[in-house]
Amino acid sequence: MIRPGQFLRLLYINWVLVKHGLDEIVFATHLFRPFRFLLYVWPPHWFRRPEDSRAVRIRRALEDLGPLFVKFGQILSTRRDLLPDDIADELARLQDRVSPFAGSLAREIIEKAYRKPLTDVFSAFDEQPLASASIAQVHTATLLDGKRVVVKVVRPGIKKIIQRDVGLLYIIADLATRYWKDARRLRPHAVVAEYEKTILDELDLMRETANASQLRRNFQDSPMLYIPDVYWPHCRRNVMVMERIEGIPIGNVEELKRRGVDLKHLAERGVEIFFTQVFRHNFFHADMHPGNIFASPEGKYLAVDFGIVGTLNPRDQRYLAENFLAFFNRDYRRVAELHVESGWVPAGTRVDEFESAIRTVCEPIFERPLKDISFGFLLLRLFQTARRFNMEVQPQLVLLQKTLLNVEGLGRQLYPDLDLWKTAKPFLELWMSEQVGVRALWRNLKTSLPQWAEQLPQLPGLIFEIAQRAEQGKLELKWNSEELIKLRRELKQAHQRNFAAIIAAGLIVAAAVVLGLDGFAPKMLGDAPLLTWLLGGLAVMILMSYWPPEDRD
């Protein structure tokens with residue numbers, strides 16, 4: 001049920017959408033569809049001709065709705081499997097620029113977190129923020145031992161705002177799931193859940209500190225990437241202190257050239273870092289946009305902002321690597337088989353049809369030189385093709401695709417002739433060779449042997465217990481089926497709908513009785529008592545809330 005605050009916020013969102021000429025979205029929803037006729041009797045609507053494209057109007061509406069919707073739009077911009085290209089391109093232009101809050105307030109938050117005066121921790125603290133974003137802002141400071149640091153502080157009250165707006169997104173997602181036939185494949189509820197997890201994770205700076213610590217350990221003594229040190233004793237859930245680094249912004253190519261940095265080498269290192277993180281460490285920085293990446297004059301990367309990281313399970317890692325290799329060998333049948341084997345497309349998918357669709361998309365791409373082929377674009381086209389075969393959205397792969405597009409964009413900005421395949425192929429082939437064969441077998445044996453050694457002595461006892469239970473007729477088989485769970489859920493929902501229908505029918509009868517009462521003189525609205533309108537309106541709201549969804553099975 002929508003709370004009053006959420007209802008008012010929902011009205012405001014719809015007003016912003018209408019203001020930007022997006023009434024087709026508002027009145028396409030089940031809730032407002034009955035009022036669509038109002039547009040035809042509203043004179044300003046007759047003469048309104050939107051000057052901007054639909055994509056621009058959507059971007060401006062998100063900007064008006066505030067920083068959290070801007071962030072949601074930024075995340076959606078990476079979901080080109082969900083959005084048309086024009087909207088995804090426009091949403092990618094959204095900038096997370098937010099006015100800073102007062103430095104004195106940041107000082108209060110830090111002192112409250114430490115439970116002591118700020119001067120007991122820092123010898124200097126600049127109240128003028130170095131950077132400001134929707135979740136937090138950053139100040140420069142100096143520790144008592146003279147080390148120069150940056151202090152990240154979470155915005156006050158931001159969690160309540162996030163929870164309110166995410167709650168609304170869930171309501172919108174539920175409406176979409178109920179009344180939109182494509183919702184099952186696109187999983188709007190899962191998209192919002194993914195966004196909620198991402199943004200709530202960003203609020204926990206202890207989590208970001210742990211991510212930075214893990215990445216630093218993974219690249220300890222590496223000539224490719226430097227991760228600044230974090231100061232754990234000074235980190236809290238809403239305050240993070242880390243080493244202050246200085247480098248050349250990666251987008252400032254002219255300055256990099258002036259400082260004599262080898263751009264080709266730098267671009268290739270970026271690709272190598274990406275594949276090392278994804279396949280060797282299975283822990284990758286998933287927010288590698290130019291604002292978070294710097295370079296030293298020696299050509300070493302420096303990274304900041306570790307709120308979003310990604311991982312893949314070993315199965316996805318394996319299928320992804322095999323997909324890349326099969327693609328560049330033009331083995332489209334293997335690509336199709338891998339998608340079915342991995343469960344990314346339904347098991348009943350016809351491999352020959354899927355293979356043919358992939359070939360149609362990829363052959364024109366391979367007409368170009370390999371150095372001109374984008375891995376990220378290839379992955380995107382593959383997702384778009386798989387959409388026709390009911391491929392369900394894989395959040396972990398979408399995060400990886402976004403990171404890959406960032407890495408490619410950075411690499412080609414530094415060195416336009418970057419041959420990604422030439423850099424990646426030896427890496428992938430070596431990694432694949434390590435996953436199969438004698439070395440992989442020996443590694444798996446070494447990993448499993450301690451567990452087997454621990455469990456082996458218990459085996460005879462377990463066999464005896466099973467045999468004894470079977471002999472006594474006490475052997476039970478517990479079965480848990482997703483279909484059974486779904487059936488239980490549907491039965492429960494059906495009971496709820498019946499209950500709501502009975503209440504709504506009672507309200508309608510009461511409204512009719514009030515209308516027909518002889519001698520009753522209440523306040524009137526139109527030709528009916530106000531109480532009749534209230535009871536009838538409440539009945540309609542209950543019926544609409546519990547109206548059964550379209551059958552999508």
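Strands β7 and β9 (residues 293–295) pair in the antiparallel sense over two bridges. This is a predicted model. The strands β7 and β9 belong to an open sheet of four strands, and helix α14 (residues 263–281) lies across β5, β9 and β10 of that sheet. On α14 there is also a contact with helix α20 (residues 420–435), whose axis comes within 10 Å of the α14 axis.

**Sheet**

- The strand order is β5-β10-β9-β7, and the pairing is mixed.
- The edges are formed by β5 (225–226) and β7 (248–249), each of which pairs on one side only.

- Helix α14 runs at about 50° to β10 (301–303).

**Helix α14 against helix α20**

- Two packed helices are described by the angle between their axes and the distance between the axes.
- The axes of α14 and α20 cross at roughly 25° and come within 10 Å.
- Because angles under 35 degrees count as roughly parallel, α14 is roughly parallel to α20.
- The crossing in which α14 passes α20 is right-handed.
- From α14, the contact is made by E268, V271, F275, T276, F279 and R280.
- From α20, the contact is made by L420, T423, A424, F427, L428, L430, W431 and E434.
- The residues of this α14 and α20 contact divide into nine nonpolar, two polar and three charged.

Note on methods:
Residues numbered from 1 in each chain as written. Predicted model: local features only at pLDDT ≥ 70, side-chain atom pairs only at ≥ 80, totals over all residues. Heavy atoms only, no water. Pairing = 2+ DSSP bridges. Contact = heavy atoms within 4.5 Å. Axes fitted to C-alpha atoms, helices over the stretch in contact; angles between N-to-C directions. Parallel < 35°, antiparallel > 145°, perpendicular 65-115°, else oblique. Left-handed = near helix turned anticlockwise from the far one by under 90°. Nonpolar A, V, L, I, M, F, W, Y, C, P; charged D, E, K, R; others polar.
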